[in-house]
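Trainee: I have a structure to go through. Could you show me how to read its features one by one?

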Amino acid sequence: MLTVGVDLGGANIQTLVLEGDETLGSARMKTPTQGDRTLVLDVVAAALHAALGEADHELDEVAAVGIGTPGVVIDGTVGGASNIPDWYDRFGLADLARDKLGVPVRLANDGTAAAVGEHHSGAGRGTDHLLAITVGTGVGAGLILNGQPYEGGVGGAGEFGHTVVVQDGAVCPCGRRGCVEAYAGRRAMAFAAERAVAAGRSTVLFDIQEELGQQRPTSAVFKAALDRGDELAADLIDVAISALGVGIASAVNLLDVDAVVVGGGLSDRMGDAFFIRLEAAIRPNLFLQPPRVRLERAQLGDYAGALGAALLARDAAPR
Ligand SMILES: [Zn+2]
């Protein structure tokens with residue numbers, strides 16, 4: 001029996017074909033940045049068929065498709081996915097995707113799917129309780145508790161990026177204030193850099209952005225600015241790591257997870273330096289002493305979400 005996993009990112013749509021625990025084929029395509037919601041599903045269908053082609057299998061062998069999507073997933077619907085065109089208002093993605101793909105669909109939040117992937121064959125292997133965080137444009141996360149994905153009462157669990165670390169703090173892209181993402185999400189960091197420049201601070205961030213041909217300050221831009229001794233970039237990264245550290249420690253105090261896996265953007269670019277500083281930001285805020293939680297670098301990158309989505313579909317599909 002085959003299952004297909006789809007990770008729907010703001011930049012790329014990653015698909016893979018799974019048989020048992022083995023990946024047989026994969027494909028990646030650019031996520032459309034304009035158009036209506038069905039256009040995105042056309043690209044999902046194309047990426048699914050490309051992955052099946054690489055795996056040398058047919059659609060009628062696929063028992064189910066798992067889709068990891070941004071936004072909050074409730075009963076086959078998704079809402080609040082601001083990085084995908086025309087996906088902000090809640091709609092019935094599972095039914096729409098099933099009609100388009102011709103296969104039963106299991107939806108999950110992309111953070112949950114990535115946590116399932118890292119738990120199965122990445123940095124979270126062997127843990128019973130895991131928090132997996134992806135620091136990118138936003139800050140996504142997923143939970144494994146007692147060996148199982150934990151999606152909460154209706155599917156809203158795992159929103160680590162919107163846990164509040166500063167009361168009445170900076171405005172978050174979600175519209176609320178003081179969330180982890182308001183300090184550590186790349187989109188929020190870019191806004192903060194723009195505000196600082198408007199207030200008279202100097203920085204090479206936007207020069208580097210232009211040199212690298214980017215539309216906005218990406219994590220590569222922040223890393224290059226840091227390497228050139230840019231004070232604003234260093235300040236924003238300090239604030240981001242501090243917010244992540246306080247948020248992670250609070251989550252660990254609540255849940256006593258075995259491991260916290262962090263991947264994406266700045267953490268990948270900065271490597272060990274990022275993790276040494278993050279560990280230092282977490283440690284003083286941990287209640288349980290001596291601390292037992294492990295901080296790990298994510299191992300699967302963009303594949304984590306697609307693998308997790310395929311595993312969720314496999315485990316939900318009739319055998
Ligand atoms: Zn928020």
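This is a predicted model: local features need pLDDT of at least 70, side-chain atom pairs count only at pLDDT 80 or more; totals for chains, interfaces and linings use all residues.

Trainee: What is the relative accessible area of Glu279?

Mentor: Glu279 has 33%, so it is partly exposed.

Trainee: How many salt bridges does a search of the whole structure find?

Mentor: The search gives 17. One of them pairs Asp86 with Arg37, side chain to side chain, with N to O at 3.7 Å. Look at where the two partners sit. Asp86 is in the loop between β6 (77–79) and α2 (93–101), Arg37 is in helix α1 (residues 37–55), and so the bridge ties together parts 49 residues apart in sequence.

Trainee: Which residue forms a salt bridge with Arg294?

Mentor: Glu296 does, and the closest N and O atoms are 2.4 Å apart. Arg294 is partly exposed at 36%. Glu296 is partly exposed at 23%. Salt bridges can also share partners. Asp21, Arg314 and Asp315 are joined into one network that way.

Trainee: Next, domains. Which residues does the domain assignment give to each one?

Mentor: Domain 1 covers 2–116 + 302–316, and domain 2 covers 128–297. Their centres, taken over C-alpha atoms, are 25 Å apart.

Trainee: How do I read the interface between them?

Mentor: Begin with area. Interface size is often quoted as the accessible area lost when the parts come together. Here about 990 Å² is buried between domain 1 and domain 2, and carbon and sulfur atoms give 52% of that. Then look at residues. The contacts involve 13 residues of domain 1 and 14 residues of domain 2.

Trainee: How many salt bridges are counted between domain 1 and domain 2?

Mentor: The count is one. As for polar contact, the rule finds one residue pair across the interface, with both residues at pLDDT 80 or more.

Trainee: Which elements supply the domain 1 side?

Mentor: β5 (72–74), β7 (105–109) and α3 (110–121) each supply at least two residues to the side that touches domain 2. The largest share, four residues, comes from α3. By class, that side of domain 1 has seven nonpolar, five polar and one charged residues.

Trainee: Now a single position. How do I read the surroundings of a residue?

Mentor: Ask for its element, its accessibility and its contacts. Thr69 is in strand β4 (residues 62–69). Thr69 is buried, with a relative accessible area of 0%. Beyond four places in sequence, Thr69 has contacts that include Leu8, Val78, Trp87 and Asn109.

Trainee: And Glu118, where does it lie?

Mentor: Glu118 lies in helix α3. Glu118 is buried, at 3% relative accessible area. Setting aside residues up to four places away, Glu118 touches several residues, among them Arg125, Val261, Gln299 and Ala304. Ala123 is also on that list. The backbone nitrogen of Ala123 is 2.8 Å from a polar atom of the Glu118 side chain.

Trainee: What is the phi of Asp75, and where does Asp75 lie?

Mentor: Asp75 is not a glycine, yet its phi is positive, about 50 degrees. Asp75 lies in the loop between β5 and β6. Asp75 counts as exposed at 78% relative accessibility.

Trainee: And Asp256, in which loop is it found?

Mentor: Asp256 is in the loop between α8 (231–255) and β11 (259–263). Its phi is positive as well, near 50 degrees. At 36% relative accessibility, Asp256 is partly exposed.

Definitions and conventions
Residues are numbered from 1 along each chain as its sequence is written. Side-chain values use heavy atoms; hydrogens and water are left out. A salt bridge is a side-chain nitrogen of Lys or Arg within 4 Å of a carboxyl oxygen of Asp or Glu. Buried means under 20% relative accessible area, exposed over 50%, partly exposed in between (1.4 Å probe, protein chains only). Contact means heavy atoms within 4.5 Å. Domain bounds come from an automatic or database domain assignment. Buried area is the accessible area (1.4 Å probe) that two parts lose on being put together, summed over both. A polar contact is a pair of N or O atoms within 3.5 Å; within protein, one must be able to donate a hydrogen and the other to accept it, and residues adjacent in sequence count only if both atoms are side-chain atoms. Ala, Val, Leu, Ile, Met, Phe, Trp, Tyr, Cys and Pro count as nonpolar, Asp, Glu, Lys and Arg as charged, and the others, Gly among them, as polar.
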